[in-house]
Amino acid sequence: MRFTVDGTPVEATPRPGQVLRSLLRENDHFAVKKGCDAGDCGACSVIVDGEPVHSCIYPAHRLEGVAVTTAAGLGSVEHPHPVQQAFVDAAGFQCGFCTAGMVVTASTLSPGDDLAVKLKGNLCRCTGYRSIEDAICGVVNTSASSEAGASSKAPAGMRVVTGSEPYTLDLATTSLLHLAVLGSPHSHARIQSISVERALGLEGVHAVLTHLDSPDVLFSTARHELRTDDPDDTRVLDPVLRFQGQRVAAVVADSVAIAELALDLIDVEYEILPAVFDPEQARSAGAPLVHGDKGPESRIDEPQRNVLAQLHGEMGSVAEGLAAADAVVTGTWTTQRVSHVALETHATRGWLDEHGGLVLRTSSQVPYLVRDELAHIFSLDPARMRVFTARVGGGFGGKQEILTEDLVTLAVLKTGRAVQYEFTREDEFTIAPTRHPSRVTVTLGATADGVLTAMQVDELLDTGAYGNHGIGVMFHGVGESLSVYRCANKRVDAESVYTNNLPSGAFRGYGLGQVIFAVESAMDDLARELGIDPFELRRRNVIVPGDPIVVTEADEEHDLLYGSYGLDQCLSLVQEALVPTDGPVGWVTGQGMALAMIASMPPRGHFAETVITVADDGYFDLRVGTAEFGNGTTTVHAQLAATALGVPADRIRILQSDTATGTYDTGAFGSAGVVVAGKAVFAAATALAEKIAASGSLVGLSATGRHDGTPRSIAFNVHGFSVAVNPATGEVRILQSVQAADAGTVMNPEQLRGQIEGGTAQAIGSALYEQLTLDEGRVTTRALRNYHVPQFADVPRTTVLFADTHDDLGPLGAKSMSEAPYNPVAPALANAIRDALGVRPRDLPMSRDRLWRLASS
């Protein structure tokens, strides 16, 4: 079969049933990405004879005589297509995994096209779409300046838009083996026997891995600086299966297709065990035990009650505070499972180097922590291991885990060959951890003039079958959500409970969003009860510099300081920006607001080491351990180094997220990329600038920088909405969306604007329609088309405003702002809907059917 790709003749014979996407990638056309393989996301978009198509559903047998154009064929880094240049100028991407497909579709648009219609097949999880619209409309949002504080262009921008920036699997490898996993059909079972002989007999199969091949080492898939922050409750392959889809065995074969065929030839006998799916039932007497076999060395609080972790603490007396209150409100709120839907799925490719050392190229936010834990699991020498990332296609906390790296390591060590394991989109829904579902009860008391006298929160989290992040999410969730308010009487009761559901994990906001949804909704109810404006009620009760930052006396974090304070500005900015807006005839309108506070970096240590060297060609090589996955830290690091050295940013060459560089970094999570790694970068570049000034020469000079993540500052966000709701259908239209952020000195205004818009868009999805559903432990949401990720047409344009602050602790006065924008959105939207309907929504998502029932009640 003959056709052309990007103007080059190709002759190929597609396999029966093969699609264009896989054929293109097999021929090293890596501008075409895999996001769903179902025609749902558009990351694979190409032009076929002038028309944009999803190559993942375009039959390869139709290619005879056609012309295929990928993003790489539209233009090059040196000679970009006008649309590609426009995307760079507008900063129309963040992680960039969707961008090559988005650019391809955009290149086919005509003036006057309805963008909501034309772009409905191209999803972006990062940006919120405003910058994409700007790119298509020719709006320039970036500047030529390299200094910190300017809207500099991303260093990788032109490579991203031309499809030449490599992601995890964007490289050719010969003699590559592929791994496929047999998942458990049962929610709770013990493997009685397993026979792999028939599978091993299939031609092309190189190994079948079971629990008999797995190291008998317990660990957690969650990664933190201190591995003891998470329970040791997981094995690479375990004879006890605790959720549907958990690994039973893995096949390593010449192709994914052969490996999947071999899965059907594995013979397994199971002993079915009792299962529990409701966290309330799970912690009750007589419930089936999920980890009843674990001892104290696993760091599970009460395995005989399925309680992974718990917190019960009180400051003052809540009972006395409620007795003294003139108004008391109480209620229970629930939040659902939410999938991260990073468009690049989890994937790892591993091999042995020429010295027999293990090398892993993986889609991870934490390469150093992955290396260290794999060394622990497999008794390997970390010095003979290399774990690194290319550009990562989105994370949102979901890649702060070990989900593919351990199996690839086992397979590489078993076969001695290069092995790849790539999640499908269905895998992302059915076996990758989700946001923790929660039930939160809040009781508030206040005097008639609106001063809080009591705050009480009771939280129940479903951590699922394994406790990865279940401890930290619980403790963090009841942290800044309560400590933002000044109140003498506070009580917290929180438990994170095992069930036989899909595991939960780290998700943007790390537990704060669930509790803030409840607390800020209750604060809105309290404002109504007292007849006080909701902005004013917050002003009367939020902490100000000089107040302790505390939930209960026992939980005061002494390294959490007021590096700066802009909450007062944020409240005023949003209040002034919100204006009354009319909705359609027959609809009801309302306004709502909510606030959020977050520590600028994770507690208990977050470390970054950097080295900057003058290279022989006059460039500056900056080595930094943190990963780039759309968080924008690479751009800011280049700006910080350029500012310190007084050179353009294009003189800074960044070498990152590779354990071979020797520059340790805890990882790209907890919004630490600027305030930890960035501070280390600025210190190193400043030291090098001083050396250059002292020596008068550039030759052979280098300098180092380090930051240990303490002390920490606090950042604030306030969001406001005007909405219209149709009581007859439950439909919500967002008429106005405003967020003010206290980010300290803004390092890159356009980039930060995009982070806030993207966090808002993701939170709107969580608030209104995203939900991963389970039925007796079986995930029923298994395809992207059945999980409503916000599309171009769904997302309002959010007005983003910045408080004027300078943080004493951050680099050049900056604070973190990647997770924070997500947290106040759901309660602000719920409060606006309550204002419109007159009835309080208490459960997420606030879907049309739920709101219709509320309006009809």
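The legends below describe close-up views of a predicted model. Local features need pLDDT of at least 70 and side-chain atom pairs pLDDT 80 or more, while totals for chains, interfaces and linings use all residues. Residues are numbered from 1 along each chain as its sequence is written, and side-chain values use heavy atoms, with hydrogens and water left out.

**View 1. The domains of the chain.**
The domain assignment divides the protein chain into domain 1 (1-165), domain 2 (176-273 + 346-423), domain 3 (278-338 + 434-553), domain 4 (572-589 + 716-857) and domain 5 (608-707). These bounds come from an automatic or database domain assignment. Between the C-alpha centres of domain 3 and domain 5 there are 39 Å.

**View 2. A mixed sheet of five strands.**
Helices (H or I, at least four residues) and strands (E, at least two) are DSSP runs, numbered from the N terminus. Two strands pair if DSSP finds at least two bridges between them. Here the strand order is E2-E1-E5-E3-E4, in an open sheet with mixed pairing. Strand E2 (8-11) and strand E4 (51-54) are at the edges. Each has a single partner strand, so one side of each lacks a neighbour in the sheet. From one strand to the next, the twist averages 35°. Axes are lines fitted to C-alpha atoms, for helices over the stretch in contact, and angles run from 0 to 180 degrees between N-to-C directions. Strand E1 (residues 2-5) pairs with E2 in the antiparallel sense, over four bridges. Phe3 has Val10 in E2 as its bridge partner.

**View 3. Helix H4, a covered helix.**
Helix H4 (residues 99-106) lies across E3 and E4, and eight of its eight residues are buried. Buried means under 20% relative accessible area, exposed over 50%, and partly exposed in between (1.4 Å probe, protein chains only). Among the buried residues are Met102, Val103 and Val104. H4 runs at about 35° to E3.

**View 4. Cysteines without a bond.**
The structure holds zero disulfides. A disulfide is a pair of cysteine sulfur atoms within 2.5 Å. For Cys44, the closest cysteine sulfur is in Cys56, 3.7 Å away and too far for a bond. Cys44 is buried, at 2% relative accessibility. For Cys95, the closest cysteine sulfur is in Cys126, also 3.7 Å away and too far for a bond. Cys95 is buried too, at 5% relative accessibility.

Strand E15 (residues 358-362) pairs with strand E16 (residues 385-388) in the parallel sense, over four bridges. Arg361 has Phe388 in E16 as its bridge partner. Helix H12 (residues 367-378) carries the chain from E15 to E16, in a β-α-β crossover that is right-handed. That is, with the strands pointing away from the viewer, the path from the first strand over the helix to the second runs clockwise.

Strand E23 (residues 620-624) runs parallel to E24, joined by five bridges. Leu622 stands opposite Ile654 in E24. Contact means heavy atoms within 4.5 Å.

**View 5. Two loop residues with positive phi.**
Asp37 is not a glycine, yet its phi is positive, about 55°. Asp37 lies in the loop between helix H1 (20-26) and strand E3 (45-48). Asp37 is partly exposed, with a relative accessible area of 35%. Ser657 also has a positive phi, near 45°. The loop that holds Ser657 is between E24 and H21. At 1% relative accessibility, Ser657 is buried.

**View 6. Two cis peptide bonds.**
Thr710 and Pro711 are joined by a cis peptide bond, with omega about -5°. Pro711 is in the loop between E25 and strand E26 (714-725). The bond from Leu844 to Pro845 is also cis, with omega near 0°. Pro845 is in the loop between helix H23 (825-837) and helix H24 (848-856).
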